[in-house]
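Please read them with the structure open.

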Amino acid sequence: MKNLKNIKRLIFILVPSFFLFAFITFNTFHTSTTKVELNTGSSSMTFNSKFVTEDLVKAVGVGIENEAQFNAAVERYLKNNFIVKINENRVNYDYAQAQTSPKATRLYFEVSNVSNVSSIEIRNSMLVNEFSDQQNFINFNINNKRDSFVTKKGSETGKVIFN
């Protein structure tokens, strides 16, 4: 009888521990979010992207300790993996900076002299080569019209039409 109580206690401890361990171990996922905004009366389109710092460091190969080196590496990586087309024309953007913390990094960049946006196409392959489950959520607020899409490995490009 005493052994049965010990077995029940052991099961009571092990079963929840197993599920907790499984949740922590198998619930790792990789995402980023990008907010794209163009306000009525403004001539610049702003981009604000948020990444897990550890993931971005792995991708660019430079730690956040040296801000200048990190920003240079991020800018190169961004220019190769984040392509913007407005009204079917590829546009250049100006990278401003990264705002880092141990948990999250925000990237700020913008396209100047934007007007009459009828469509935006973005190729966002950020981190998809580093993490096969990477999903990049892109949210738009263009002249008070909202839309969004998600890019991932094998589907890195999305397009939004504003009519």
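1. Start at Ser 32. Leaving aside neighbours within four places in sequence, Ser 32 is in contact with Lys 50, Phe 51, Gln 134, Gln 135, Asn 136 and Phe 137. Ser 32 lies in strand β1, which covers residues 31-38. Keep in mind throughout that this is a predicted model.

2. Is Ser 32 buried or exposed? Its relative accessibility is 1%, so Ser 32 counts as buried, the cut-off being under 20%. The side chain of Ser 32 also has a polar partner: a polar contact of 2.6 Å joins it to the side chain of Asn 136.

3. Now the sheet. Six strands form an open sheet, and their order is β5-β6-β2-β1-β8-β9. The pairing is mixed. The edges are held by β5 (94-100) and β9 (145-152). Each has a single partner strand, so one side of each is left without a neighbour in the sheet. From one strand to the next, the twist averages 15°.

4. Look at one pair in that sheet. Strand β2 (residues 45-52) runs antiparallel to strand β6 (residues 104-111), and eight bridges join them. Ser 49 has Leu 107 in β6 as its bridge partner. As background, strands of a sheet pair through backbone hydrogen bonds, either parallel or antiparallel.

5. Two helices belong with this pair. Helix α2 (residues 53-60) lies across β2 and β6, at about 100° to β2. Helix α3 (residues 67-81) packs on the sheet and touches β5 and β6. The direction of α3 makes about 125° with that of β5.

6. Asn 87 deserves a separate look. This residue sits in the loop between β3 (82-86) and β4 (89-91). Asn 87 is partly exposed, because its relative accessible area of 23% falls between the 20% and 50% cut-offs.

7. What does Asn 87 contact beyond four places in sequence? The contacts are Ser 115, Asn 116, Val 117, Ser 118 and Ser 119. Polar atoms of the Asn 87 side chain lie 2.8 Å from the backbone oxygen of Asn 116 and 2.7 Å from the backbone nitrogen of Ser 118. Asn 87 and Ser 119 are 32 residues apart along the chain, yet their C-alpha atoms are separated by 4.9 Å.

8. Last, confidence. The protein averages a pLDDT of 88, and 83% of the residues score at least 70. Residues 22-27 stay under 50. For that stretch the model has one contact beyond four places in sequence. Where pLDDT is low, the predicted coordinates should not be read in detail.

Terms used
Residues numbered from 1 in each chain as written. Predicted model: local features only at pLDDT ≥ 70, side-chain atom pairs only at ≥ 80, totals over all residues. Heavy atoms only, no water. Pairing = 2+ DSSP bridges. Helix = DSSP H or I, 4+ residues; strand = E, 2+ residues; numbered from the N terminus. Axes fitted to C-alpha atoms, helices over the stretch in contact; angles between N-to-C directions. Contact = heavy atoms within 4.5 Å. Buried < 20%, exposed > 50% of the residue type's maximum accessible area, 1.4 Å probe, protein only. Polar contact = N/O pair within 3.5 Å; in protein donor to acceptor, adjacent residues only side chain to side chain. pLDDT = per-residue confidence, 0-100.
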